Amino acid sequence: MKLFELGFQKYLSKVRLDTPELIARITSENKTDWTMVTTNEQLRGIVMNTYRKNNSIENLPKVGDFVLYEKIDNEKKAKIIRVLPRFSSLSRRLPGQNDQVQILATNIDTMFVISGLDQDFNISQLRRYLTMAQSDKIKSVLVINKTDIGSGADTRERLILKQFPKLKILHTSAKIKTGIDELYRLLKPQDTVIFLGSSGAGKSSLINALLSSEKQNTKSVREDGKGRHTTTRREMFLLPNGTIVIDSPGIRTLEVDTSEHSLQLDDELSELSLNCRFRDCDHIKSEGCAIIEAVENNQISKDQYHNFLKLRRDWERSVERTSLFKKEQTKKRMKAHSKALRKAYKTRKPTKK
Ligand SMILES: Nc1nc2c(ncn2[C@@H]2O[C@H](COP(=O)(O)OP(=O)(O)OP(=O)(O)O)[C@@H](O)[C@H]2O)c(=O)[nH]1
Ligand SMILES: [Mg+2]
Ligand SMILES: [Zn+2]
């Protein structure tokens with residue numbers, strides 16, 4: 001696997017760079033451990049303490065990043081010098097810390113959310129995934145997997161389409177290999193995509209199915225083969241058609257100031273809200289509101305109702321905060337970039353006496 005197979009050309013078409021020979025792409029990350037691929041080899045990436053000191057958390061290398069590196073002589077290792085500009089990043093708020101944002105992966109074109117038919121479906125969680133992608137113009141696709149075990153896929157699809165009418169939805173079975181061709185059709189050479197979704201939904205199984213559809217060409221960055229075990233790190237695979245896929249561990253919480261219980265309640269009420277007369281019902285004063293009706297009929301308690309409204313508000317605020325945060329980050333990066341350019345220019349100028 002080489003850098004030019006890993007979406008590098010596409011990246012160059014979006015971001016202008018002068019020294020491509022010193023660039024690598026991060027293929028896996030595990031807190032203190034990075035692997036990366038250069039134009040001709042795979043190396044272990046090292047982040048030095050000085051780098052940590054001079055950079056904020058968001059600038060630590062993530063899977064999908066293109067980085068400048070400096071090779072360590074006679075070793076399969078390299079120091080990571082700088083993370084190059086990202087054309088997109090998937091990020092979520094960190095549990096407990098209000099304005100901390102954790103970046104999951106970067107330079108992503110499409111996010112696939114995998115939902116296992118044997119698992120409960122959580123519409124608020126889906127909404128959070130979609131918000132994450134939308135705020136950075138990443139395309140989203142929902143994959144309903146494990147269709148071999150039951151017939152609920154159509155009902156699930158209908159429910160989801162009512163809330164997200166434009167969402168692209170696929171039905172697959174990684175086990176009996178149905179829907180894999182349709183999935184493949186959405187995967188373009190040089191594109192980088194990520195598979196997200198609850199643990200056990202079948203993300204890794206689907207990636208295995210995609211990999212083995214042209215077995216002889218299968219290349220994987222992973223050295224230990226394709227295990228069935230639960231995924232513990234984000235990791236990049238190259239499909240036979242040239243698409244780059246990132247597998248990831250199931251995310252339990254996208255935002256943790258909302259407890260499991262309230263999420264579940266939010267789901268129930270979200271379903272109920274499908275019966276509201278207006279799609280943009282505020283559930284407070286709008287006419288024909290199914291939720292207010294349910295409160296009046298004692299179907300749900302006043303407490304539950306207020307919790308639901310609060311959750312909505314929290315969620316809306318967090319969306320605002322996230323996009324604000326991203327805007328500020330971009331501004332900061334641009335500033336640092338032009339400062340570095342000015343400096344480089346100055347040192348190059350002939351000195352006059
Ligand atoms: N019946 C059936 N089982 C499946 C299908 N896809 C995956 N499985 C099974 O579901 C279990 C979980 O699959 P994984 O691919 O490991 O799930 P994952 O989403 O990668 O899970 P994490 O790595 O923990 O996030 C495994 O036992 C798979 O064999 C499917 O389409 N049908
Ligand atoms: Mg997995
Ligand atoms: Zn309503």
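**View 1. Accessible surface and overall make-up of the predicted protein model.** The accessible surface of the protein comes to about 19600 Å², and carbon and sulfur atoms contribute 49% of that area. Accessible areas come from the Shrake-Rupley method with a 1.4 Å probe, and for residues only the protein chains shown count as cover. This is a predicted model, in which local features need pLDDT of at least 70 and side-chain atom pairs count only at pLDDT 80 or more, while totals for chains, interfaces and linings use all residues; side-chain values use heavy atoms, with hydrogens and water left out. Residues are numbered from 1 along each chain as its sequence is written, and chains are lettered from A and ligands numbered from 1 in the order in which they are written. Of the 353 residues, 48% are buried (under 20% relative accessible area, 1.4 Å probe, protein chains only). The protein has 9 helices and 14 strands (DSSP runs of H or I, at least four residues, and of E, at least two, numbered from the N terminus).

**View 2. The zinc ion (ligand 3) and its donors.** Here you will find Cys276 (SG), Cys281 (SG), His283 (ND1) and Cys289 (SG) coordinating the zinc ion at 2.1 to 2.4 Å. Donors are N, O and S atoms within 2.8 Å of the metal (3.2 Å for Na, K and Ca); water is not among the atoms, so sites may look incomplete. The arrangement is tetrahedral because the 4 donor atoms subtend angles of 101 to 115 degrees (for four donors, all angles must lie between 85 and 135 degrees). Along the sequence, the donor residues follow the spacing C-x4-C-x1-H-x5-C. Cysteine 276 and cysteine 281 are both buried.

**View 3. Strand S11 and its parallel partners.** All 5 residues of S11 (residues 192-196) are buried, with Thr192, Ile194 and Leu196 on one side and Val193 and Phe195 on the other. S11 pairs in the parallel sense with S8 (residues 110-116) over 4 bridges (pairing takes at least two DSSP bridges), and methionine 111 stands opposite isoleucine 194. S14 (residues 244-247) also runs parallel to S11, joined by 3 bridges; there, valine 193 stands opposite valine 245.

**View 4. Strand S2 with its two hairpins.** Trp34 and Met36 point one way from S2 (residues 34-37), Thr35 and Val37 the other, and all are buried. S1 (residues 23-29) pairs with S2 in the antiparallel sense over 4 bridges. Their hairpin has 4 residues between the strands, and lysine 31 in the turn shows a positive phi of about 60 degrees. Another hairpin leads from S2 to S3 through 4 residues. Methionine 36 stands opposite isoleucine 26 and has leucine 43 as its bridge partner in S3.

Key:
Tetrahedral: all angles 85-135°; square planar, octahedral: opposite > 155°, others 65-115°. Buried < 20%, exposed > 50% of the residue type's maximum accessible area, 1.4 Å probe, protein only.
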